[in-house]
Protein chains: 2
Amino acid sequence: MIEDRIKDIELRKKITTAENAALFIKNGMTIATSGFTPSGYPKATPLALSKRIKNNNENIKITLITGASVGDELDGELARNNITKKRIPYQTNDSCRKAINNGDIQFCDVHLSLLPQYINYNYLEDIDIGIVEASEITENGCMIPTTSVGITPTIVKKAKKLIIEINTSQPIDLRGIHDIYTLPNPPKRTPIPILNCKDRIGTNYIQIDKNKIIAIVFTDIRDDVKKLAEPNKDSNLMAEIFLEFLDHEIKAGRIPRKLLPFQSGVGSVSNSILNGFSRSKYDKLQFYSEVIQDSMLDLIDIGKVQIASGTAISPSPEGLNKFYDDIKRYKSKIILRPQEISNNPEIIRRLGVIAMNTAIEVDIYGNVNSSNIMGGNLMNGIGGSGDFARNAYLSVFFTKSTAKNETISTVVPLVSHVDHTEHDVNIIITEQGIADLRGLSPKERAISIINNCANPIYKDLLSDYLKEAMKSKKNIPILLNRAFKCFESLEKTDTMKRG
Amino acid sequence: MIEDRIKDIELRKKITTAENAALFIKNGMTIATSGFTPSGYPKATPLALSKRIKNNNENIKITLITGASVGDELDGELARNNITKKRIPYQTNDSCRKAINNGDIQFCDVHLSLLPQYINYNYLEDIDIGIVEASEITENGCMIPTTSVGITPTIVKKAKKLIIEINTSQPIDLRGIHDIYTLPNPPKRTPIPILNCKDRIGTNYIQIDKNKIIAIVFTDIRDDVKKLAEPNKDSNLMAEIFLEFLDHEIKAGRIPRKLLPFQSGVGSVSNSILNGFSRSKYDKLQFYSEVIQDSMLDLIDIGKVQIASGTAISPSPEGLNKFYDDIKRYKSKIILRPQEISNNPEIIRRLGVIAMNTAIEVDIYGNVNSSNIMGGNLMNGIGGSGDFARNAYLSVFFTKSTAKNETISTVVPLVSHVDHTEHDVNIIITEQGIADLRGLSPKERAISIINNCANPIYKDLLSDYLKEAMKSKKNIPILLNRAFKCFESLEKTDTMKRG
Ligand SMILES: CC(C)(COP(=O)(O)OP(=O)(O)OC[C@H]1O[C@@H](n2cnc3c(N)ncnc32)[C@H](O)[C@@H]1OP(=O)(O)O)[C@@H](O)C(=O)NCCC(=O)NCCS
Ligand SMILES: CC(C)(COP(=O)(O)OP(=O)(O)OC[C@H]1O[C@@H](n2cnc3c(N)ncnc32)[C@H](O)[C@@H]1OP(=O)(O)O)[C@@H](O)C(=O)NCCC(=O)NCCS
């Protein structure tokens, strides 16, 4: 076991318990960990830390930096035990979210492609300890990451000390799925030599300075991956609308017949949209994306995928079993890259990625909110959506036209928080239809979005607002004193519907 | 004269009057022209067109696409004569702005790096006629652009027909200042081989399909460049704050001692900030920027500039004289590239450009409004600020803390229009001080911006708002029903000051 997992004999001396490893973590430290989605994050050490703190009533506060979201053993445990003081750059955990929205955790939302360079440029606090999950340490003391790459190479480089968790639930066969290539700091950067989604440009391991390693911990706790909502009538409709639109664009000569690489966002909606491709005529699909969810594996299974490049595999528990069982086959179709490469503007614009992301709400001007409900309650964060939307060949946003049992219109006069401005949104699709915003003025956009995307029960409300706003004739027909009224009525009457 | 300016003998047959050339422009057409800032745009043909329309009471409506803003002979004349129906992607002209804010012109605001690809991808209306200014047509029928490149190569490629204005006020010596390199459509793109601001990667001419040329017009109307406001106490203070910050960052190891390339935004404020460099210890400055304004020429004069790469030269009238008088010297320091290259995310992120842009207003969360006063009255447009801010090594925004005789606080609870989200803004500088937002949560940002950047006369107003908003404890301390109150009081009482 140990022999299989740690080939570097000298390093075996660093093996210790999670409890011992956790002792290195002190009050006030900045801890950075591997993990991107609930995949490939350290589990045993944070569990040991939170257990000890719970038992001893210790007061330890840390800043936690990860690639993106991580599992409950890390984000949940630390939040519930008031250990996390600051959280950067993204999360999806119920307890962590609650603590952020309670004011107990300070959250800093960052474009995921920028985070590694913020660390490299020393923009954030120095990383006292990095904790990274590996499936294996090679003969030369290099580590093989697991189900995500994220910022692991950056952590290994910049952290003062390192704890490595060897996770034996992660198959040794993962070796070879990763492609590790990182960027030097300017002025030393050169072109990133990816010309095609399938290009491998780096190594399949991460080099480590062995002197930094203070502990190696064994664990077999599995990735806490989550089941996503099944495709439903609305998401199937959105998928159909999108596929029809694709057809139309190809016929019009605006998208090449052989298609271009797709990026597919995170969450249930994105997963469902992708599911729609299984029923389409399209095959030889290429993905230059961030997260590989269930639908992507399904598309691989039915032979529709040429290559899926991302930074994390994050299927459901069953999807993960399926992946583990047939890892060699999947490996020929999947590449996991550091997030500074998977989300890199240079590559996204070069390859001409068609970006498909999900909105929490959109406004009639074409702005998108991806992250904060009612302007201030964090859902997850902007994640990589900005990396893709701004640099895409075509930027598409999906959202159901209503939320919470139709009490909320996701098409509003003005979004309560802006993550993506009108300049970054080409197409909006709801189950009601599609608004093609390319080349339109604010007034034209407003009309198109209300007519095509809003739910019929909210059309009057939006049209009345627009009619009134149009009277001002401004470039952007906006009424600052009425723009947020729908949120006020939601707060007062539990619905945006007019009384 | 003709011999000097049109070396291709065959093409001399196409010479005609501006009046004749203007006859080609018909109602409903989409016209794209050269020009970026009031530099290098066609002048004689639009003047002839508007004159005819004024005299004959004709009804001609067109869509006008340019690289960015253009001079009054084009944007002003066409707007005043109700010729422009739609305007893409940026403008700075009083008459045009008025027509947009009156609802007479539909304006579509686009990131400037994206415009050429929108045209190439056929996202916008087909270009019926392209009108481009040249200093010269070479032996092989290639054109030499003048004081800007912008989208000229794209127009020449995509327009169905072309009118060329040979402007004899533009020196023949401009030849050699341009570096023309354009991007094919995906999937055919390869890395752009710029590793250094000074790298020339293309040709100094633009290839033309001669069959498209329907008219060649001679003119000697000069670029309608404008004088910018002189540096004043406030802008000098901002420059000092920025230079001190640079020092500090270098000492902290966050910016290399030899600096990195700078981008300097458009307008008076940016020009004044740049002016500050003349008093600094820094030399061998490199610019990977968009527009070359007066201060950049001054910095070249005093030997502080290694290279200034941009897409347009747009100094004051005196600055332009100076440039023309000594063009050979300036040419060794200046490169003009197509805007798809000057503003390209790939290069901006590779080189590590330090982006310096100007805000109309900022909010306490770190969002920036660059374009629309009171949420809807267009000033100019987003321009290239988004190309630079999102991809920069460091994204800095400048604004005076008040506008219009202190009746307006440019630091507001919530910007009335978002061009740059909190994710794209690292540093905010006003004459009051500097807010360093890196790694901060929304609450921390709010405190820092109010404390460091707001004008003392508006601090209470902002602090009171924040105090109340903090009670909700949300991730982002926002009060949707109070966020825009300052704009309401401005409208009612002509000041944001409390009664
Ligand atoms: C936007 C995002 C939250 C959507 O996730 P999803 O799982 O597809 O969407 P759902 O429709 O299930 O919505 C998630 C929740 O938000 C709620 N919601 C959605 N829109 C809402 C709105 N306008 N107001 C209030 N709640 C809303 C839903 O009701 C649901 O709540 P529940 O969990 O209590 O059921 C998710 O895509 C995200 O975090 N995006 C930002 C990051 C990103 O885009 N990354 C991709 C880069 S590659
Ligand atoms: C933001 C921008 C308008 C500032 O221009 P500037 O010349 O430096 O700024 P000024 O301080 O002179 O302001 C311009 C006008 O806006 C007014 N203004 C500024 N802030 C204001 C506010 N918050 N409310 C109302 N008016 C405001 C000023 O009073 C001034 O009005 P005036 O012309 O009547 O005197 C300009 O930089 C711009 O258009 N930016 C967007 C595009 C961009 O950034 N391009 C750079 C990419 S390389």
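Predicted model: local features only at pLDDT ≥ 70, side-chain atom pairs only at ≥ 80, totals over all residues.
Helices (H or I, at least four residues) and strands (E, at least two) are taken here as DSSP runs, numbered from the N terminus.

A backbone N or O atom of A:Val266 sits 2.9 Å from an oxygen atom of ligand 1, and a polar backbone atom of A:Ser268 is 3.0 Å from an oxygen atom of the ligand. On the nitrogen side, a polar backbone atom of A:Ile360 lies 3.0 Å from a nitrogen atom of ligand 1. Taken on its own, ligand 1 has 970 Å² of accessible area, and the protein covers 79% of that.

Over in chain B, ligand 2 has its own shell. Here 24 residues surround the ligand, the closest being B:Gln263, B:Val266, B:Val269, B:Asn380 and B:Lys404. At least two shell residues come from each of α9 (268-276) and β17 (354-358) of chain B. The split by class for ligand 2 is nine nonpolar, 12 polar and three charged. Among the backbone contacts, a polar backbone atom of B:Val266 is 2.9 Å from an oxygen atom of ligand 2, while a backbone N or O atom of B:Val269 is 2.9 Å from an oxygen atom of that ligand. B:Ile360 puts a polar backbone atom 3.0 Å from a nitrogen atom of ligand 2. Of the 970 Å² of accessible area that ligand 2 has on its own, the protein covers 78%.

How do the two chains relate? Two copies of a chain are related by a rotation about an axis and a shift along it. The same surface serves both copies, with 99% of the contact residues of chain A recurring in chain B.

Next come the charged pairs. Side chains of opposite charge can pair when their charged atoms come close. Over all chains, the count of salt bridges comes to 67. One of them joins A:Glu318 and A:Lys227, with the closest N and O atoms 3.4 Å apart. A:Glu318 lies in helix α11 (residues 317-325) of chain A and A:Lys227 in the loop between β10 (213-219) and α8 (233-251), so this pair ties together parts that are 91 residues apart in sequence.

Most residues other than glycine have a negative phi, and most peptide bonds are trans. The bond from A:Ile88 to A:Pro89, though, is cis, with omega near 0°, and A:Pro89 is found in the loop between β4 (84-88) and α5 (94-101) of chain A. The peptide bond from A:Pro186 to A:Pro187 is cis as well, with omega near 10°; A:Pro187 has its place in the loop between β9 (161-167) and β10 of chain A. In chain B, B:Asn82 has a positive phi, near 55°, and is not a glycine. B:Asn82 belongs to the loop between α4 (72-80) and β4 (84-88) of chain B.

Terms used:
Residues numbered from 1 in each chain as written. Chains lettered and ligands numbered in written order. Heavy atoms only, no water. Contact = heavy atoms within 4.5 Å. Polar contact = N/O pair within 3.5 Å; in protein donor to acceptor, adjacent residues only side chain to side chain. Areas by Shrake-Rupley, 256 points an atom, 1.4 Å probe, with all protein chains shown as cover. Salt bridge = Lys/Arg side-chain N within 4 Å of Asp/Glu carboxyl O. Near = heavy atom within 4 Å. Nonpolar A, V, L, I, M, F, W, Y, C, P; charged D, E, K, R; others polar.
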